[in-house]
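Please keep the sequence and the structure in view while reading.

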Amino acid sequence: MVRSLIVSLLLCSTLSFAQEVNIIPQPVQVTQNVGSFQINPQTSLVVTSKEDKSTADFLNKYLSDYYGFKLAIVKKADKNAIKLTSGKLIAGLKSEGYTLKSGKNRVLIDGNSPVGTFYGMQTLIQLLPVEKSNNLKIASVDVKDEPRFVYRGAMLDVGRHFFPVSFVKKYIDYLALHKMNYFHWHLTEDQGWRIEIKKYPKLTEIGSKRNGSIIGRYPGTGSDNTPEGGFYTQEEVKDIVKYASDRFITVIPEIEMPGHSSAAIAAYPQLSCFPDEKTQLSDKMISDKSKQELANGRTKIVQETWGVFTDVYAPTEYTFKFLQDVIDEVVALFPSKYIHVGGDESPKDAWKRSEFCQKMIKEKGLKDEHELQSYFIQRMEKYINSKGRTLIGWDEILEGGLAPNAIVMSWRGEKGGITAAKEKHQVIMTPNSHVYLDHSQTKNEKEVTIGGFTNLERIYSYEPVPKEMNEQDAKYILGAQGNIWTEYMQTPAKVEYMIFPRLSALSEVLWSPKENKNWSEFQAKVETQKKRYTIWGANYFKEKE
């Protein structure tokens with residue numbers, strides 16, 4: 001009896017140790033078994049296809065960076081090995097699906113495609129201990145997994161504040177580590193144009209630089225008189241796109257139009273309805289240098305405050321030629337089938353005052369300025385479609401009539417997405433009510449943020465398919481996206497503080513089956529994930545909500 005009890009206790013002890021499994025995002029199926037596998041410098045990494053090289057390289061870099069050793073890559077090994085295999089066509093799994101089996105002698109990762117194998121490797125990383133060692137014990141498990149949504153994204157705004165290539169790559173790694181597959185790169189803004197366009201060099205010579213930023217939260221207490229600038233060369237863009245592709249992430253560029261265009265107008269004033277009118281800035285918030293430049297005859301400057309501005313693109317042939325030229329260079333850099341054109345927050349004040357715009361409205365039989373914006377977007381859509389690409393826009397592109405083939409990003413709540421889906425347009429949900437990662441994480445936030453309140457539980461509770469949708473309309477929901485607007489994020493550390501741990505919650509919303517989500521279990525898992533943030537050297541939100 002006593003012997004039986006001891007055996008039972010030992011078995012329970014073994015099982016409890018093996019059950020240290022905290023995978024984010026939660027897999028479709030995971031079975032925990034007795035025993036473990038140990039990864040050490042003598043472990044072999046079996047790779048038989050060149051399609052899995054990038055996956056092997058990612059794993060080896062991760063092990064090297066955070067545990068101090070790499071694995072030898074071989075074509076065959078029976079014991080003490082991790083084997084990657086792609087293209088097995090596992091029954092019942094989508095192309096991004098995979099299985100992972102770990103036991104005493106080996107780990108087998110089989111993907112329905114190379115991307116599936118990559119995601120299996122990410123699950124393996126989630127099984128690794130969170131303390132540095134050269135003998136990494138992982139639980140024995142059987143995992144069968146695939147994503148719920150085809151679009152799992154996050155956006156980074158580099159217009160308000162510029163971030164170096166090194167951090168953009170780190171951000172892409174953060175997405176990869178969470179099985180996310182789209183990086184939306186917000187490249188142009190009122191406060192900065194961040195991509196080299198060779199045909200229009202002033203976009204970066206002038207448009208990538210501003211003379212100062214407001215101090216504190218909008219409307220601010222004055223100007224910091226500190227120049228802010230930076231842009232990505234086309235070679236750097238190619239490098240980042242390749243870096244993302246190696247992690248099975250598609251980079252979607254965003255070129256804002258017709259609003260949020262002050263930086264481009266500062267470089268080329270003739271893009272404005274009123275090129276001779278000076279940029280409007282509050283006397284109390286404008287930098288000393290900009291005051292001097294305006295006094296000396298300059299008309300347009302890059303905006304130094306946050307918000308929405310009335311100086312937008314004029315719908316002239318000059319503007320359309322300019323934007324088509326920009327798109328030509330953009331599509332050559334980004335293989336993504338999607339091109340984002342913004343379309344949000346474009347005031348109609350200048351168009352209402354402009355004789356040219358009013359004449360155009362009459363000549364084209366348009367109802368008002370909203371239909372003029374629809375004409376603007378539809379014209380650009382035709383050009384983007386002619387390049388074999390699909391236009392994405394924020395939900396304002398619904399106003400005045402939706403472009404025929406456009407995809408809508410619904411940010412002002414879910415209403416725009418619901419409307420677009422009913423019109424049989426594909427939708428990416430990104431409502432500011434749930435997935436804006438620039439919002440405060442606590443009601444007692446010590447850091448300066450844009451405001452709002454979106455804590456971890458609120459993000460985890462998000463359901464991308466609105467309850468108002470029927471089954472037919474729901475098919476148009478591609479997925480969802482978290483947004484990082486950087487008005488109040490000047491450093492990589494601040495971005496990390498704002499995204500973690502909320503990005504981890506969002507990843508489970510987008511990957512895991514709805515019925516597999518469990519808030520209390522996620523709360524336990526995220527405590528382990530926080531230790532991973534520490535291993536990565538990443539900042540994160542540590543306060544109590």
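## A cluster of rings

Ring pairs join Phe162, Phe163, Phe167, Tyr171, Phe183, Trp185, Tyr232 and Phe334 into a cluster. Rings of Phe, Tyr and Trp (its six-membered ring) pair if their centres lie within 6.5 Å; planes under 30 degrees apart count as stacked, over 60 as edge-to-face and the rest as tilted. By this rule there are 37 aromatic pairs.

The model is predicted: local features need pLDDT of at least 70 and side-chain atom pairs count only at pLDDT 80 or more, while totals for chains, interfaces and linings use all residues. Residues are numbered from 1 along each chain as its sequence is written, and side-chain values use heavy atoms, with hydrogens and water left out.

## Two tilted pairs

Phenylalanine 118 and phenylalanine 248 form a tilted pair, with 5.2 Å centre to centre and 55° between the planes. This pair links distant parts of the chain, 130 residues apart: phenylalanine 118 belongs to helix H3 (residues 114-127), and phenylalanine 248 to the loop between helix H6 (234-245) and strand S14 (250-257). Helices (H or I, at least four residues) and strands (E, at least two) are DSSP runs, numbered from the N terminus. Phenylalanine 118 counts as buried because its relative accessibility is 0%, whereas phenylalanine 248, at 23%, counts as partly exposed. Buried means under 20% relative accessible area, exposed over 50%, and partly exposed in between (1.4 Å probe, protein chains only).

Phenylalanine 320 and phenylalanine 376 also form a tilted pair, at 4.9 Å centre to centre and 45° between the planes. Phenylalanine 320 lies in helix H9 (residues 317-333) and phenylalanine 376 in helix H12 (residues 369-386), so the pair ties together parts 56 residues apart in sequence. Both phenylalanine 320 and phenylalanine 376 are buried.

## The nonpolar core

A nonpolar core is a set of buried Ala, Val, Leu, Ile, Met, Phe, Trp, Tyr and Cys residues joined through side-chain atoms within 4.5 Å. The largest one has 150 residues, of which Trp185, Trp193, Tyr232 and Phe322 touch the most other members. At least three of its residues come from each of domain 1 (29-145) and domain 2 (153-536), with bounds from an automatic or database domain assignment.

## A mostly covered helix

How many residues of helix H16 (residues 492-499) are buried? The number is 6 of 8: Lys494, Val495, Glu496, Tyr497, Met498 and Ile499. These buried residues pack against strand S8 (151-157), helix H4 (165-176), strand S19 (477-484) and helix H17 (502-511), where contact means heavy atoms within 4.5 Å.
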